[in-house]
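Me: I have a model open and would like to learn how to read its features one at a time. Could you walk me through it?

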Amino acid sequence: MVEAQNPPSPAPQNTSVVLNYLGFLRRATGVATDGKWYFYVWMIIMFGIALVGANAWAQQVRDGMIVTNMSDHVSWGLYIANFTFCVGLAAGGVMMVIPAYLYDDEEMHQVVIIGEAVAIAAILMSTLSVVVDLGRPDRFWHLIPGIGKFNWPLSMLTWDIIVLNGYLLINLHIVGYLLYMRYLGRKPNPKWYVPFVFLSIFWAISIHTITAFLYCGLGGRPFWNTALLAPRFLASAFVSGPAFIILSMRVMRLLTDFHFSPKPANTLIRIIRVSMCVNLLMLFSEIFTLFYTGGTHASSAQYLFFGSHGANGLVPWMWTSMFLNIVGACLFFTPAALRRENTRIVACLFCIVGIWIEKGMGLIIPGFIPSTLHEVVEYSPSIIEWKVTAGIWAFGLLVLTLLLKLIASVFTYDSSRTITTEQNAGLDETNIKSIPVETIS
Amino acid sequence: MSDSKASLPIIDHPEVNRRRFLKTAGATLGLAAWAAAMKPLLELTPEVNADEFLQKHYRELTPEQKTVVFKRLEEETKEEYNADVTISDPQPMDNVLFGYALNLSACIGCRKCAEACHIENNHDRASNNSYIRVFEMDMGGIDFEKGNANYDHPVPAPGKYYMPVQCQQCENAPCVTACPIEATWKEKDGIVVVDYNWCIGCRYCEAACPYHARRFNWEKPEIPAEEVNPNQSYLSNRIRPQGVMEKCTFCLHRTREGRLPACLEACPTGARVFGNLLDPDSEIRWVIENKRTFVLKEELGTRPRFFYYFDE
């Protein structure tokens with residue numbers, strides 16, 4: 001078995017590269033949709049939830065956003081909350097890329113593609129979260145630069161559209177190229193992906209910074225109008241992103257033949273320890289400034305943490321988040337978190353849910369309560385909003401499952417075995433034309 | 001080459017064929033289920049059509065295209081609301097910059113202005129929408145935190161004064177900056193308008209506005225045919241589609257033709273003063289030059305063209 005060291009002459013290679021790549025995608029689809037019974041059960045459940053979400057969204061488009069519980073007072077709700085969190089999830093993947101490429105961490109290098117896959121799924125989820133928030137999704141083309149009217153560079157939303165789509169393309173390229181090269185049995189040419197990897201580092205930071213700028217640039221919303229917002233977003237993203245990747249790695253290790261060293265996860269946990277402390281420090285700094293100063297700036301925080309004017313809809317959310325974040329942070333600091341046990345799983349789940357609330361319901365909603373003219377109108381998501389959001393998550397997990405499955409297959413060549421594990425008998429092994437390839441390094 | 005690329009094998013085997021068959025069947029079923037889930041989209045209102053979909057931004061429409069668009073909108077209003085309306089397109093006048101002033105000493109909080117706005121601007125009847133919110137404030141300060149827009153008792157109440165708030169038509173309008181697609185902009189007479197047929201309904205402008213001046217059409221507005229105001233303009237009071245933003249336009253369909261805003265005409269106490277800020281002889285200029293006026297949230301640098309003042 002040899003590596004394909006002798007590619008054919010350049011001309012035919014160029015003409016066939018598209019066909020080859022299409023062939024790769026076709027086979028990749030085949031492999032990614034093959035699995036054991038529990039794989040199909042999982043996929044069917046996720047697909048079912050995605051369908052429920054799609055149906056709820058279609059109803060919302062037909063009947064209007066009145067089916068949500070948003071109002072002219074609280075004009076953004078669960079969708080934008082979830083969007084903010086998902087952008088952070090996508091940005092968090094960079095915490096694998098930095099050790100792998102800037103610090104040449106060999107073991108991280110082998111699994112960095114998992115972080116990029118998580119980023120792809122998360123970007124899809126955040127884009128969908130914005131699309132479902134549009135009152136007129138049929139006019140989506142107005143946002144396309146050149147065809148529509150793109151208010152760039154004034155509107156921060158146009159910046160966000162650029163960086164989110166750019167980040168998606170960069171990661172699709174990196175993941176697609178690395179997998180394709182492995183599939184061909186060739187060593188990836190650094191010229192074709194390393195520049196993009198370095199670009200992706202800056203880009204990852206930009207997506208969450210600009211998402212913060214969406215909010216903190218609004219002078220009429222004192223709760224958001226703080227320079228600390230972007231750093232806080234990044235710090236929390238570097239917790240939720242790596243935590244989600246650790247969960248993905250655990251699932252891969254248990255359910256696929258893709259085995260890897262425990263070191264990358266431990267590196268991620270050390271990153272989380274620092275990021276979570278920075279995040280909590282900034283949160284407390286924010287809280288101090290708000291409450292000690294008092295006045296207008298404190299009224300949203302007052303409502304968020306303690307309720308005001310007899311309204312306290314967000315109080316349970318926020319204290320749940322505080323509890324989960326602090327307990328999660330403490331768990332990450334226990335020695336057990338560095339072993340392949342359940343402590344880190346619990347810690348990851350706590351921090352993911354805690355930050356989902358903190359960045360979402362705990363940040364977007366209080367920006368609107370009290371309103372700019374100090375009216376207190378409360379908000380809690382409607383059943384339609386929950387269905388649509390669940391649908392987006394199910395779709396994201398569906399995409400992530402396929403990507404991770406594909407990665408595991410390409411990196412271990414267990415695809416042939418997976419196909420035949422259940423009823424192995426009678427399969428002619430000689431029909432399987434596969435060769436192992438050295439790892440990318 | 002052909003050997004080395006087969007690292008993800010497709011195998012010719014009954015087991016694999018059975019799987020492939022099941023997968024195809026599954027995918028087909030999935031697609032069918034997807035189509036069924038999306039079915040509500042087929043029940044969209046007739047106003048979502050190819051002409052509407054392809055319509056260009058207001059400021060890129062030629063006069064001929066505008067004629068076609070306005071005619072289509074008039075027909076749609078007839079079809080959906082059974083009302084005969086005319087949609088005009090009054091243009092900003094030269095050397096005119098509109099400004100508004102409100103005498104807080106005269107306002108009694110009767111909300112006649114809000115009601116007039118509701119009728120003039122073809123607002124949804126059920127939600128009782130209006131571009132004006134009137135706040136009942138405590139004497140002794142201008143603190144909205146102590147204000148109440150939902151008062152329900154005879155006015156004026158002792159110890160209170162009243163503060164109507166509507167679009168401030170800012171010189172530096174945060175909503176215009178925020179809009180990702182230039183669906184809202186400031187006209188040269190200072191009025192901030194929305195192209196209801198271009199807006200995608202992201203509501204970023206609503207988050208950006210410091211004055212709670214913008215409204216979203218959470219559902220299709222409902223108005224009985226006999227209550228529809230038939231004198232409409234494209235950029236102001238025509239019936240808005242579902243899912244887009246709207247806002248006060250200083251009644252540009254009236255004011256650009258030399259009339260006064262509906263809210264001013266409805267005010268029983270004469271608390272409202274409207275006019276051309278560029279005309280040194282206008283009443284609004286007199287108020288600004290002779291009264292101690294103030295604007296809301298001056299510190300935000302939005303430079304409103306809506307002024308408040310006390311009479312004594």
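Me: Which helices do the buried residues of α10(A) pack against?
Reply: Happy to start there, and keep in mind that this is a predicted model. In soluble globular proteins, nonpolar side chains tend to be buried together. Here, the buried residues of α10(A) pack against α9 (263–293) and α11 (315–333) of chain A. Helix α10 itself spans residues 296–306, and its buried residues are A:S299, A:S300, A:A301, A:Y303, A:L304 and A:F305.

Me: Which residues have the most contacts inside the largest nonpolar core?
Reply: They are A:A90, A:A117, A:V118, A:I207 and A:I407, in a core of 206 residues. Helix α5 (residues 106–131) of chain A contributes the largest share of this core, 16 residues. Take A:V118 as an example: leaving aside residues up to four places away in sequence, A:V118 touches A:L89, A:G93, A:F244, A:I245, A:S248 and A:L400.

Me: How should I read a pair of packed helices?
Reply: Two packed helices are described by the angle between their axes and the distance between the axes. For helix α2 (residues 37–63) and helix α13 (residues 383–412) of chain A, the axes come within 7 Å and cross at roughly 140 degrees. Because of that angle, α2(A) is oblique to α13(A). Their crossing is left-handed, and the contact has 18 nonpolar, five polar and one charged residues.

Me: How many residues does each chain bring to the contact between chains A and B?
Reply: The size of an interface is often given as the accessible area lost when the parts come together. Residue counts are what we have here: 69 from chain A and 66 from chain B. On the side of chain A that touches chain B, α2(A) gives the most, with nine residues. By class, that side has 29 nonpolar, 27 polar and 13 charged residues.

Me: Is A:H374 buried, exposed or partly exposed?
Reply: A:H374 counts as partly exposed, because it has 19 C-beta neighbours inside 10 Å, and buried would take 20 or more.

Technical notes. Residues are numbered from 1 along each chain as its sequence is written. Chains are lettered from A and ligands numbered from 1 in the order in which they are written. This is a predicted model: local features need pLDDT of at least 70, side-chain atom pairs count only at pLDDT 80 or more; totals for chains, interfaces and linings use all residues. A nonpolar core is a set of buried Ala, Val, Leu, Ile, Met, Phe, Trp, Tyr and Cys residues joined through C-beta atoms within 7 Å. A residue is buried if 20 or more other C-beta atoms lie within 10 Å of its own, exposed if 12 or fewer, and partly exposed in between; C-beta atoms are placed from the backbone. Helices (H or I, at least four residues) and strands (E, at least two) are DSSP runs, numbered from the N terminus. Two residues are in contact if their C-beta atoms, placed from the backbone, lie within 7 Å. Axes are lines fitted to C-alpha atoms, for helices over the stretch in contact, and angles run from 0 to 180 degrees between N-to-C directions. Angles under 35 degrees count as roughly parallel, over 145 as roughly antiparallel, 65 to 115 as roughly perpendicular and the rest as oblique. A crossing is left-handed if the near helix is turned anticlockwise from the far one by less than a right angle, and right-handed if clockwise. Ala, Val, Leu, Ile, Met, Phe, Trp, Tyr, Cys and Pro count as nonpolar, Asp, Glu, Lys and Arg as charged, and the others, Gly among them, as polar.
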